[in-house]
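I opened a new page for this protein today. Here is what I looked up, in the order I went.

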Amino acid sequence: MSSAAPHPRGGVTVGTLSELPPLEAGAVIYLRHWFSGEETRAQMRRDFEVNFGPEFADAAFEAFGCLCNFCATHGRRPLVRHGMTCKCLGADENCFANLLASAAEGQQDDAHVLASLIVTPRKAPELAQLASDCGLLMQQIMGLQPPAQTARPATATLH
């Protein structure tokens, strides 16, 4: 029997960031930025402006923020994240990244299943839609999809 404190299940290492495709790796990195405080959010916004241009930066930042805030507000439990500079990929981070990618690729069944691991099943369709809107925008600004396929970012009112 170990005297060490157990690690939260969602923080279990399941891989490394370097093993992920660009969209999923970006989702994990931005997730960490979003929940690490105002300073890292401001850094994230500046990175968006530099990498995506001012015309997309605001929409991307808002869409990603809505997605993260929805997870925080309606989550089954807080998403466990690794540190900002950690090269590991945690289970919750992997689920979030795969949700974003599946939803953006139109794999709705997979997106709903992954969403239901993060939020209650009743909120899963809404989370899957937010992930789709955000993922499509992220694909476009990362140059992973032509602009004609891009959806407008969703705006969600959180209570």
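Before anything else, a term: pLDDT is the predictor's confidence in each residue, on a scale from 0 to 100. This is a predicted model, in which local features need pLDDT of at least 70 and side-chain atom pairs count only at pLDDT 80 or more, while totals for chains, interfaces and linings use all residues. Residues are numbered from 1 along each chain as its sequence is written, and side-chain values use heavy atoms, with hydrogens and water left out.

Confidence came next. I found a mean pLDDT of 86 for the protein, with 86% of its residues at 70 or more. Over residues 147-159 the pLDDT is below 50, yet the model gives this stretch 24 contacts (heavy atoms within 4.5 Å) beyond near neighbours in sequence. Residues 1-5 also stay under 50, and there I found 0 contacts beyond four places in sequence.

Then I looked at the fold. I noted 6 helices and 2 strands, which run β-α-α-α-β-α-α-α from the N terminus. Both are DSSP runs numbered from the N terminus: helices are H or I with at least four residues, strands E with at least two.

How much of the protein is buried (under 20% relative accessible area, 1.4 Å probe, protein chains only)? I noted 45% of the 159 residues.

I finished on helix α6, residues 124-141. Its 18 residues reach 25 Å from first C-alpha to last, close to the expected 26 Å, which is 1.5 Å times one less than the number of residues. In α6, 15 of the 18 residues are buried. After α6 comes Gly143, with a positive phi near 75 degrees.

Key:
Buried < 20%, exposed > 50% of the residue type's maximum accessible area, 1.4 Å probe, protein only.
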